[in-house]
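I opened this model to look up how its parts pack together. My notes follow in the order I made them.

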Amino acid sequence: MAFGHGKVILLGEHSVVHGRPALAVAVPRGAEITVVPAAPKLPATTLHIEPWNVSVDAGPAPNLGREPLQEALRVACGFYDDGRHFALSATVRLPSGAGMGSSAALGVAVLRALDDARGLTRSDDEIYQRSLAWEGVFHGNPSGVDNAMATHGGVGLFTRGSPLTPVVPRHPVRLVAAYSGASSDTKGMVESVARQFERNPEQVGRQFDAIGAIVMNGKLALEQGELRSLGQLMTMNHKLLAGLMLSTAALEEMITAAMEAGALGAKVTGAGGGGCMIALVDSVAQQQAVGDALRKLDKTVYDVESGS
Ligand code: PMV
C-alpha cells in the first residue's frame, strides 16, 4: 500500500510561495494506492480514484474532462522508461479542492506505488522532488509545502527550496478543520496574490514579512506549548490573509462560530477563496464544542490531531 498524507497549513500559506516560511501539520488521512495485478499487455498505466469515481490512463488519447489528472499521471509515468504499465487503484480520504492537500497526497501515493510495483525503493527526498512535477500540473507555481507534508508527514516548518524542518510540539496539536462547501481554486488564488504583489510590491511584501514573523513565533509557541499564543497568531494570520482577499463570507461565518464556541484561534487554511478553515482547540471537549458549532452551520468537520 502506497500512501501520501493530507495536511493543513497552520500558518503561512501564500507568503510561502514568495519565499517566507510556513508551518504545517500532516493529517493521518490521505491517499492510499494499491497496485491491481495487471492484466497482461495493459497499453498504458491506469489510475482509478474510488471515492470520486474517476479513471484516467497515461495513454496518448485525451481523457476528456480529465486532462489535468491525465497529464499528471503521464508526468509520473514519464520518470520510468522500462515500458511497464500498471493499474493503480486509489482511495482518497480528503475533500478535493479544499486546502487539505489532496492533489499532493495523491501524487506522492502514485509515485510511491509506481516504485513499489517495480520493487524499487526511493528516498523521501526524491519522492518529494518528483511530486513537485505532479503538483505543477495542477497549481502552476507550487511552493512545495503540500508535497513536503504529503511525503514526510508530522509537523514541519517549510521554506521554498529547503528541506522540511521537523517541528516537535510540546503538546499534541488539536484542530478542527471544516469545509466551507465551496471549492478553492489554488492556481487562481496564487495568481491573484501574485498580481497584488506585482501592483504593490512594498505593501504586499510587508504583509508577507509580517506573516513570516507570525510563522516563526508560531513555531516557538508550538515548541513551548503556548497554545493561547499560537491561537492568537493564527487569528492574526487570518486577518492578513483576508486583507489579501482570500476569505469569503462563509469562511468568516465559520471562524466567528468557532471563536464563539471557545476556539483559541481560527483562520482560513490553504489557498482560500473557499475551501477549509481551521480552529485551534486545547481539549477534546473544546474540539467537540467547536465541531458542533460548525456542524450547526451544516459544514463537514474533520478533527485533526498531530504531534506530541
Ligand atoms: O493547495 P492548497 O489549497 O492547500 O494551498 C497550498 C498553499 C498555498 O500557499 C496557497 C500554495 C502553495 O503552493 O504553497
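**Domains.** I looked up the contacts between the domains: 30 residues of domain 1 touch 41 residues of domain 2. Contact here means heavy atoms within 4.5 Å. Domain 1 covers 2–165 and domain 2 covers 168–306; such bounds come from an automatic or database domain assignment. I read 24 Å between the two domain centres, taken over C-alpha atoms.

**Ground rules.** This is a predicted model, where local features need pLDDT of at least 70 and side-chain atom pairs count only at pLDDT 80 or more, while totals for chains, interfaces and linings use all residues. Residues are numbered from 1 along each chain as its sequence is written, and side-chain values use heavy atoms, with hydrogens and water left out.

**Cores.** I looked for nonpolar cores, meaning sets of buried Ala, Val, Leu, Ile, Met, Phe, Trp, Tyr and Cys residues joined through side-chain atoms within 4.5 Å. Buried is under 20% relative accessible area, exposed is over 50%, and partly exposed lies in between (1.4 Å probe, protein chains only). The largest core holds 84 residues. Leu10, Ile33, Leu47, Leu106, Val110, Leu230 and Met277 touch the most other members. Helix 2 (residues 102–118) supplies the largest share, nine residues. Both domain 1 and domain 2 give this core at least three residues each. Apart from it I found another core of 13 residues, including Ile9, Ala24, Ala26 and Phe158.

I then checked isoleucine 33. Leaving out residues up to four places away in sequence, its contacts include Met1, Leu47, Leu88, Leu106 and Val110.

Helices (H or I, at least four residues) and strands (E, at least two) are DSSP runs, numbered from the N terminus. Helix 6 (residues 201–224) has 24 residues. From first to last C-alpha, helix 6 reaches 34 Å, close to the 34 Å expected at 1.5 Å a residue. The expected span is 1.5 Å times one less than the number of residues. Among the buried residues of helix 6 are Val204, Phe208, Ile211, Val215 and Leu222. Its buried residues pack against strand 1 (2–11), strand 2 (22–36), strand 6 (155–158), strand 8, helix 5 (186–199) and helix 7 (227–243). Glycine 225 follows helix 6 and has a positive phi, near 75°.

Helix 5 has 14 residues, and its end C-alpha atoms are 20 Å apart, in agreement with the 20 Å it should span. I list its buried residues as Gly188, Met189, Val190, Ser192, Val193 and Gln196. They pack against helix 6 and helix 7.

Methionine 216 is in helix 6. I count methionine 216 as partly exposed because its relative accessibility is 37%. Methionine 216 touches Pro21 and Leu157, not counting residues up to four places away in sequence.

I traced an open sheet of four strands in the order 9-10-8-11, with antiparallel pairing. Two strands pair if DSSP finds at least two bridges between them. Strand 9 (265–269) and strand 11 (300–306) are the edges, each pairing on one side only. Direction ignored, neighbouring strands are turned by 25° against each other on average. Six bridges join strand 8 (residues 173–179) to strand 10 (residues 276–281). Alanine 178 stands opposite methionine 277 in strand 10.

Helix 8 (residues 249–260) packs on the sheet and touches strand 8, strand 9 and strand 10. Its direction makes about 155° with that of strand 9; axes are lines fitted to C-alpha atoms, for helices over the stretch in contact, and angles run from 0 to 180 degrees between N-to-C directions.

Strand 9 is mostly covered, with five of its five residues buried. Five antiparallel bridges link strand 9 and strand 10. Glycine 265 has leucine 280 as its bridge partner. The two strands form a hairpin with six residues between them, and glycine 270 in the turn has a positive phi of about 85°.

Histidine 14 has a positive phi of about 70°. It lies in the loop between strand 1 and strand 2. Is histidine 14 buried or exposed? Histidine 14 is buried, at 5% relative accessible area.

Aspartate 298 also has a positive phi, near 70°. It lies in the loop between helix 9 (284–296) and strand 11. Aspartate 298 counts as exposed, because its relative accessibility is 71%.
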